[in-house]
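Open the model in your viewer and keep the selection tool at hand. This tour goes from one stop to the next.

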Amino acid sequence: LHLSIRRQRQMCIRDRLDTLPMTSRRIFLMAQIDGLSNIEIGERLGLTPNAVQKSLARALVRCYAAVYG
């Protein structure tokens with residue numbers, strides 16, 4: 001049962017990520033999967049750390065809403 005719930009959550013997050021703008025999706029993946037800091041992401045994408053933080057926050061809110069309603 002626990003694994004099934006985890007898979008459902010992962011699917012919700014994946015579905016929600018597909019609706020994000022490309023840059024937001026990249027930022028989310030670079031932070032959550034690659035473990036990069038806002039500064040590192042900003043340097044790679046040509047964005048300020050503040051812009052990265054705002055984009056990441058929006059993506060996290062959307063993913064949280066997909067999982068928890």
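**Stop one: arginine 58.** Select arginine 58, which sits in helix α4. Helices here are DSSP runs of H or I with at least four residues, strands are runs of E with at least two, and both are numbered from the N terminus. Is arginine 58 buried or exposed? Arginine 58 is exposed, because its relative accessible area is 51% and exposed means over 50%, buried under 20%, and partly exposed in between (1.4 Å probe, protein chains only).

A word on the model before moving on. This is a predicted model: local features need pLDDT of at least 70, side-chain atom pairs count only at pLDDT 80 or more, and totals for chains, interfaces and linings use all residues. Residues are numbered from 1 along each chain as its sequence is written, and side-chain values use heavy atoms, leaving out hydrogens and water.

**Stop two: the positive patch.** Which helix gives the most to the positive patch? Helix α4 (residues 49-68) does, with three residues.

**Stop three: alanine 66.** Stay in helix α4 and select alanine 66. Alanine 66 is buried, at 18% relative accessible area. Now show cysteine 12. Beyond neighbours within four places in sequence, alanine 66 is in contact (heavy atoms within 4.5 Å) with Cys12 and Arg16.

**Stop four: leucine 20.** Go to the loop between α1 (2-17) and α2 (22-32), where leucine 20 is found. Leucine 20 is buried, with a relative accessible area of 5%. Not counting residues up to four places away in sequence, leucine 20 touches Arg25, Ala59 and Arg62. From leucine 20 to arginine 62 is 8.7 Å, C-alpha to C-alpha, and 42 residues in sequence.

**Last stop: the whole protein.** Zoom out. The protein has four helices and zero strands. Its C-alpha trace spans about 40 × 20 × 15 Å along the principal axes. Of the 69 residues, 23% are buried.
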